[in-house]
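I opened this notebook to record what I looked up, entry by entry. Each entry keeps to one residue or one group of residues.

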Amino acid sequence: KWVKTSNPNVTHTSAILEAEQFALAGAKEKACQTYEASITLSIRGGMLPDAALANERYGEYLLNEIKDNDRAVYYFRKALNCYEDWGAMAKVTQMNSKYSHLQTVPDNIEICQSVGQAD
């Protein structure tokens with residue numbers, strides 16, 4: 001009901017869940033588009049914890065399913081920034097430990113490429 005009425009308090013959450021469903025279904029392009037939309041909706045709605053989660057989940061998806069380490073690191077960095085701004089320092093520590101094996105990427109990485117498109 002809340003989603004159907006475009007309630008701004010749940011639209012971003014619905015988008016995160018929808019992205020996860022697309023990811024599970026193997027719909028890579030739709031999953032990527034919906035993760036990005038969920039991040040935008042979370043940020044526009046001022047939902048910093050949800051923006052952090054959406055960035056982290058998208059990073060996980062890019063790393064594990066798309067095999068795009070550079071873009072994954074970019075979204076992990078965005079998640080870390082959101083978690084830091086929110087004050088969730090234990091989460092920052094956990095993510096830094098979990099992803100310490102990944103190389104860092106330049107700040108100007110092209111993130112709007114299509115899934116499966118090579119640089």
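I began with glutamate 60 and found that it is buried, with a relative accessible area of 13%; buried means under 20% relative accessible area, exposed over 50% and partly exposed in between, with a 1.4 Å probe and protein chains only. I placed glutamate 60 in helix α3; helices (H or I, at least four residues) and strands (E, at least two) are DSSP runs, numbered from the N terminus.

I noted that this is a predicted model, in which local features need pLDDT of at least 70 and side-chain atom pairs count only at pLDDT 80 or more, while totals for chains, interfaces and linings use all residues. Residues are numbered from 1 along each chain as its sequence is written, and side-chain values use heavy atoms, with hydrogens and water left out.

Which residues does glutamate 60 contact, leaving aside its neighbours within four places in sequence? I listed Glu65, Phe76, Lys98 and Tyr99, where contact means heavy atoms within 4.5 Å.

I then turned to the aromatic rings and recorded six aromatic pairs in the structure. Rings of Phe, Tyr and Trp (its six-membered ring) pair if their centres lie within 6.5 Å; planes under 30 degrees apart count as stacked, over 60 as edge-to-face and the rest as tilted.

I looked up tyrosine 35 and tyrosine 58, a stacked pair at 5.1 Å centre to centre with 20° between the planes. Tyrosine 35 lies in helix α2 (residues 28-44) and tyrosine 58 in helix α3 (residues 48-66), so this pair ties together parts 23 residues apart in sequence. Tyrosine 35 is buried at 1% relative accessible area, and tyrosine 58 is buried at 0%.

I next examined phenylalanine 76 and tyrosine 99, whose ring centres are 3.9 Å apart with planes at 20°, so the pair is stacked. Phenylalanine 76 belongs to helix α4 (residues 69-86) and tyrosine 99 to the segment after α5 (89-98), so the pair links parts 23 residues apart in sequence. I found phenylalanine 76 buried, at 4% relative accessible area, and tyrosine 99 buried, at 9%.

I also recorded one aromatic cluster formed by Tyr35, Tyr58, Tyr61, Tyr74 and Tyr75.

My last entry concerns aspartate 68, in the loop between α3 and α4.
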